[in-house]
Amino acid sequence: MVPLRFLDSGECMVVVEFGSTVDPVLNERVLALDAMVRRAAIPGVVETTPTFRSLAVQYEPLIVSREALVARLGELESAAEVTARPARRWTFPCCYEAPHGEDLVEVAARLAMSPERLVALHGAGALRVHMYGFSPGFAYLGGLAAELAASRRAHPRPPHPADAVMIAGGLAAIAPLPMPTGWWVLGRTPEKMFVADRDPAFLVAVGDEIRFEAIDAATFTALAAQAATGIPVARVEAKP
Amino acid sequence: MTVRLVIRAAGPGVTIQDGGRRGWARWGVTGCGAMDPTAFRLANRALGNDAEAAAIEISLGGVEVGVEGGSVAVAVAGGAFDLRLDGRRLPDAVALRLEPEARLSIRVGAGGAWTYLAVAGGLDLPPVLGSRATHVRSGLGGLDGRGLRAGDRLTLLAPRDVVRGPVALEPDPLMAAAAAVRVMLGPQDDLFEPAEIAAFLGRTWTVSPHSDRMARALVGEPLRHRGGHDIVSDAVAQGAIQVPGSGLPFVLTADRQPTGGYPKIATVIGVDLGRMAQIRPGETVRFAAVSRDEAVAARRAAAERQAAAVRTTPIGGGDAVAADLADLNLVSGVVDARAATEG
């Protein structure tokens, strides 16, 4: 196992780096330490940001010194139990049909497969939420079939629609807010990953699994109307 | 009658900001908050507000404001903007009582890119995810998640008119220009050869016009990476300096994305974030590396200075204004007997 690295980003952030790759095993260690740090409620720690392979700890150095913080993080990491974290399995409806699957035909051609096969592969596997980033509720999903590793666009496309389901660089994503993107839009989900005044504001925890279930455009319209009233349209169960 | 601040004219880049949206980066939510935290805090401190209370951030587009329904004390600090009360020129950092029908105009001036208009008693806006800071790209916070424009009316929480005539505010030493912006190297300085780090610190960089609340984009002779220029995305601190494939650094500021996939050669230290943000497009910057101990010492010194009352000077003969402010700061943000809502 690669030893932990403690990297400073200024005097108010220390990054605990577990490795340099996208790897569910590394990510589980990140999440285990994150849970421990949150539970420990260390005075001076402002917030923690788990990513694929590191945990960033934002802190106030006038309350907790870097030396004391790093010592505490090292203790917590040694005691962290990777298997202790509960996870859930979600089924997200996704419409790949026109007008929602904006880039489906183009990216299928790039991957030298039919759109039908792309949709089947995308929906076949359980994908894992590795981290959030980029914009509110933008979830990075790992576990995509190797055949779907389309490289990112050379130039960003115009803003994608809300709640876009996308792939790029061997990862999948759900992107709630329209933004210009280098990713490929396969479809849209009627579910809302993020609603600022909902409790919880964010639906899916890091470490949870998501499987996509194809729906037609008429079902999308009906479910989107339901989601807009605050009734969830994704199904969830405890992970066995 | 309810007291309201009225926006009479507003250029682009006028937003409500506070100390920032903390605790949500793990969900992809940007921290936001004031681009120049030192100036922002000075404006609030001068009025006895919480130092991180929501205030109006103004950029080069400027703004003109008035008040209706009563009078209220306001303070402006940050950069060297052209401030005028009914046409009368004011100092760069000032506190004054804004009376109904008076017009306070804030226009681009001799220097600086951001200034802050704080209101005694604060702005009555709902916190979103724990903060009133505006993030325009995701439509969160502030007034309907957008920049302010002419005709907007902002209701005040508990308006106070604690200041009479205008008084000049003594700026914090961090608000003065300096030879270099101080950085700590890292977190990915190991992805650059020592000669490239020396080049980063030795070169003079020009701030590009493609700079906004997300980043100060820098132009100059490009830097070379040791290996590739992509890393697996990790978290991005305020002030982190990313070097993408072009080799031209970006200093990531308040509206940065919370994670990023380019190596970060260095990070601007906390007390110099405002100094960096105030450098206008077209102006130049140099960086100087300091140790963590030096960064923390500068932070401690700033915190000690800013725990004291804001020193003020009456303008044009003055009255008992300076004494009023001194009294106010002695109670350190507690609403005093004069705080009852007027009008």
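Here is a tour that starts with chain B as a whole, then goes to its domains, a sheet, a few residues, and finally chain A.

**Before you click**

What you're looking at is a predicted model, in which local features need pLDDT of at least 70 and side-chain atom pairs count only at pLDDT 80 or more, while totals for chains, interfaces and linings use all residues. Residues are numbered from 1 along each chain as its sequence is written, with chains lettered from A and ligands numbered from 1 in the order in which they are written.

**Stop 1: all of chain B**

Along the principal axes, the C-alpha atoms of chain B fill a box of roughly 65 × 40 × 35 Å. The radius of gyration, taken over C-alpha atoms, can be held against a globule rule of 2.2 Å times the number of residues to the power 0.38. For 343 residues a compact globule would come out near 20 Å, and chain B agrees, at 20 Å.

Now colour by burial. A residue is buried if 20 or more other C-beta atoms lie within 10 Å of its own, exposed if 12 or fewer, and partly exposed in between, with C-beta atoms placed from the backbone. By that count, 51% of the 343 residues of chain B are buried. Among the contacts in chain B with a separation of 6 or more, 79% are between residues 24 or more positions apart.

**Stop 2: the two domains of chain B**

Select 4-170 plus 310-339 of chain B for domain 1, and 181-302 for domain 2. The bounds come from an automatic or database domain assignment. Over C-alpha atoms, the centres of these two domains of chain B are 29 Å apart. Where they touch, 19 residues of domain 1 of chain B are in contact with 14 residues of domain 2 of chain B. The domain 1 side of that contact in chain B has nine nonpolar, eight polar and two charged residues. Here Ala, Val, Leu, Ile, Met, Phe, Trp, Tyr, Cys and Pro count as nonpolar, Asp, Glu, Lys and Arg as charged, and the others, Gly among them, as polar.

**Stop 3: a covered helix**

Go to residues 37-46 of chain B. This is helix α1, and 10 of its 10 residues are buried. Among them are F40(B), R41(B) and R45(B). After α1(B) comes G48(B), whose phi is positive, near 75°.

**Stop 4: an eight-stranded sheet**

Which strands make up this open sheet, and in what order? In chain B the order is β21-β14-β15-β18-β17-β20-β13-β22, with mixed pairing. Two strands pair if DSSP finds at least two bridges between them. β21 (284-285) and β22 (287-289) of chain B stand at the edges with a single partner strand each, so one side of each has no neighbour in the sheet. Zoom in on β17 (240-242) of chain B, which pairs with β20(B) in the antiparallel sense over three bridges.

**Stop 5**

Is L90(B) buried or exposed? L90(B) is buried, with 21 other C-beta atoms within 10 Å. You'll find it in strand β7 (88-90) of chain B. Beyond its neighbours within four places in sequence, L90(B) is in contact with L83(B), R84(B), L85(B) and P166(B).

Next, T155(B) in strand β11 (153-155) of chain B. With 13 C-beta neighbours inside 10 Å, T155(B) counts as partly exposed. Leaving aside neighbours within four places in sequence, T155(B) is in contact with T2(B), R4(B) and D124(B).

**Stop 6: over to chain A**

Show both chains. 36 residues of chain B are in contact with 35 residues of chain A. α4(B) gives the most to the chain B side, with six residues. By class, that side has 19 nonpolar, 10 polar and seven charged residues.

Terms used. Two residues are in contact if their C-beta atoms, placed from the backbone, lie within 7 Å. Helices (H or I, at least four residues) and strands (E, at least two) are DSSP runs, numbered from the N terminus.
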